[in-house]
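Visitor: I'm new to reading protein structures. Could you walk me through this one?

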Amino acid sequence: MPRPDCRLGIDVGGTNTDAVIIDPADRVIAKAKVPCTPDITGGIAAAIDSVLRAPGVEPARISHVMLGTTHATNAVLERRNLRRVAVLRIGGPATYAIRPMYEWPRDLARTVSAGETIVDGGIEFDGRDLSPLDTDAIARFLGQVGGAADGVAITSVFAPVSPRHELLAAEIVKRELGEVHVSLSHEIGSIGLLERENATILNGALAGVARDVAEGMRAALAAHHLRPTRFFAQNDGTLMGLDHALRYPVLTIGSGPANSVRGAAFLTGNSDSLVADVGGTSTDIGVLVNGFPRESSQGVEIGGIRTNFRMPDLVTIALGGGTVVCRDREETRLGPRSVGYLIQQEALVFGGPTPTLTDSAVAAGRAAIGEAKPGRRHRRLLAEALARADVMLAEAIDRVKTSKADTPLIAVGGGSILVPDRIPGISEVIRPEHFDTANAVGAAIAAVSGQVDRIFQLREGGRTAALDEAASEARERAVAAGADPDTVEIVEIEEIPLAYLTSPTVRIRAKAAGTLGGLPEQRFQADMARQARLADQLDPAETAAT
Amino acid sequence: MKRLLDTDSLRAMARGCAILGAGGGGDVYLDLLQALQAIEEYGPVPLMDLDELPGDALIMPGGGVGAPTVVIEKIANGNEGERLRDQLEHLTGRQVAALMAAEIGGGNGIVPVAWAARMGLPMVDADGIGRAFPEIPQVAMHLAGIPPSPAVMTDERGNMVVFQTISGDWMERLERAAAVEFGGIAQSTEFSLTVAQARDGATVRNSVSLAIRIGEALTNAPDNPLTALIAEIGAFRLVTGKVLDVERRMTSGFTRGTVVVEGTGEDAGRLVRLELQNEHLVALERGHVLASVPDLITVLDTETADAISTERIRYGQRVTVIAFACDPVWRTGRGLEVAGPRAFGYEFDFVPVEEIARATA
């Protein structure tokens, strides 16, 4: 039996499901690209089958499997396979002015909500109780809606300052309803009650989706007699263990774009540059900072719902290898229609009838693919279309850039043959090997991170003490998630002072990351340290009153 | 003309309030939701011109005092306005006839609409500033000599404090301290006044309808909202470009900082620096002042023409900076003393934005 030492990375995109296998020396030894299936697990299974059958692959060497997918977003958009959630907000007598799910699309609220309530409790910005937690009201609410709910989403005012009321409420849920899925807001989002509450509710709604994907992956691997450790990629492109992903599926919602940025970094060894991921239908341009995707400063909307997730900060344009070009009166038009995965039948270079940007790229000599050369009569159209595409791409790149200086651009994705070698503001265009499966490579890189985003009142020790505390908590979270403690370092730390408060108060965001490989013992210890920290928050003197 | 603040006009008003916030006044989104929920439950709010109300009718100005970060977390109960009204009526022995926003800029411009819906009272088409300013005495009522007292502050729990102070500055100090104890945010009323006083220069008139008009101009010109907005308010475009640098720091409870915008397109090669203290204070280019307080300087998303607050501005955003004239009350000697460049620690005298624009044209 070979020693299990290879990683299998899977990325479920809009058009294709990609898979790669990476050996212990970090080389890509096999890759596969298969069309997505409506149930997504079919595509995952096909990609796994295909990559495991590639020449030179010994399936028994697979030790870890990592999956990145934007499937959760689609489930919300399509209202598919969503669970019903009891929505518990802890913050009365504050917060009644805007009730839970007030701005949700009505049909989505009806699909997801098993009932909503606001109970007394919650925390002040300085850590005091807003009001005592009304445990009886929680028990009553659970008694009313428990039967209809698959899970409970709990959000307390200022949980990012102290999660103690959320933790107490979770205990009541366990007592009243047993082992139902519980989503706690302090594990999901930061400051911004409604946005964090929305994300927490979505998390509960997505619990079934995550379970199905995990089960599909398990079954596909079991068919090859494999039981590797399974991970999911999250919004910053780092990994979390299966158990954590099942509890917090919403954290995987932005993993698709993050994976290609991380994959581009890995394939080039470049940690700071721009990344253009050109697919069949669209192009995402993101920024690689210190090896990670730059995140948006504002929360994103998912299916019309505001959340406070920080997702990769991208500019997306409707430009891809399958983008259809045509002439409308005297004007050359690009898309937005794309032939998508039908490119091998539709594009001129594959003998099809439809001029696409891939044909433009081939006609201009940027790539040599397909068997047919586009005919002379299309020449002007294709050239004009490519010139337009170059301008669109250059504008999008300029929108993403944050400094005047020229930066390198890494071009990845199946459609990246479109990207010209010279672009204003770009010092060089880097085209790594395996560019067409950079996203699956990104999933398989095996970095594990831990994040903290909390409010600190500066007391003794001032800023330094608060920054240290945030940093060690981020480190503990990374190790608990499976990072090798020897490799964990702080990759990002940011402090934001809060205005209009006379006592000095800051919000600190810290992120630590390391490589996969912590020993079970180390994970356990980090988890214990984290538990101890949480126990500190549950000050007995304060909770006795409740 | 009597009109109703309903769902559509409130949504328009919110966009207008954000632009009149000149970068400050807090995010409008939550206040809009609060007002929408209130009118959904209690019905729309009449908007009345000051001339439609009897001169001796009492107006209750109001809004929130506190930290924006707390506002987005600890949302109000909704009943704070009623409590303020009851206490103010008790203190003055008079009945409140209408509500008014202490400042139209930002979310505080909308909060009183939610209160008014619950009380069945009208809003007057006026406010205390015509924009947003950081301190409680920076209102037209103060310039007109109306005392801030009796002021009332309350929280979502029902705690209430009555302030009787000797000056506006004391009101600022004491209310700010109390707001922190309340948990970083509280709702308050100061400078209650009669309709006659409000008509007689103690308020900025027609500012609610202006906010609505601004929002409607944006909505009605989806293809070119920026041009529509500039035409609607007679603004001057200072620069169009992208945010090159943002720096913020805390000094005595306020956010101070700078934003640098690098011109693009026809403004390529230009660098405009904004200095801010919660609101934008000054716009500078090569050491020359392009606009300054009390005139309004607002950063807009170039594409949508929506305002970007000083808390949300970040690197790389595509922005257009505009400046426009403040209400004349702020350009008087007394107005400049309270909210001119020197009141914010600058060593230069105020020059109206239209004069600077004419001089550089």
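Visitor: How many bridges join strand β7 (residues 151–156) of chain A and β8(A)?
Guide: Keep in mind that this is a predicted model. One bridge here links V152(A) to its partner in β8(A), V182(A). β7(A) and β8(A) pair in the parallel sense, and the count of bridges is 4.

Visitor: Which are the edge strands of the open sheet in chain A?
Guide: Let's start with the strand order, β6-β5-β7-β8 (chain A), with parallel pairing. From one strand to the next, the twist averages 15°. An edge strand pairs on one side only, and here those are β6 (113–120) and β8 (181–184) of chain A.

Visitor: What angle does helix α6 (residues 193–205) of chain A make with β7(A)?
Guide: Another helix, α5 (residues 164–177) of chain A, lies across β5 (85–92), β7 and β8 of chain A, at about 155° to β7(A). Helix α6(A) packs on the sheet too, touching β5, β7 and β8 of chain A. Its direction and that of β7(A) make an angle of about 165°.

Visitor: Are α1(B) and α9(B) roughly parallel or roughly perpendicular?
Guide: Look at the axes of α1 (residues 7–20) and α9 (residues 207–220) of chain B: they come within 6 Å and cross at roughly 100°. Angles of 65 to 115 degrees count as roughly perpendicular. So α1(B) and α9(B) are roughly perpendicular.

Visitor: Which element gives the most to the side of chain B that touches chain A?
Guide: In all, 34 residues of chain B are in contact with 32 residues of chain A. Elements giving two or more residues include α7 (168–181) and β12 (254–263) of chain B. The one that gives the most, with 4 residues, is α2(B).

Notes: Residues are numbered from 1 along each chain as its sequence is written. Chains are lettered from A and ligands numbered from 1 in the order in which they are written. This is a predicted model: local features need pLDDT of at least 70, side-chain atom pairs count only at pLDDT 80 or more; totals for chains, interfaces and linings use all residues. Two residues are in contact if their C-beta atoms, placed from the backbone, lie within 7 Å. Axes are lines fitted to C-alpha atoms, for helices over the stretch in contact, and angles run from 0 to 180 degrees between N-to-C directions. Angles under 35 degrees count as roughly parallel, over 145 as roughly antiparallel, 65 to 115 as roughly perpendicular and the rest as oblique. Two strands pair if DSSP finds at least two bridges between them.
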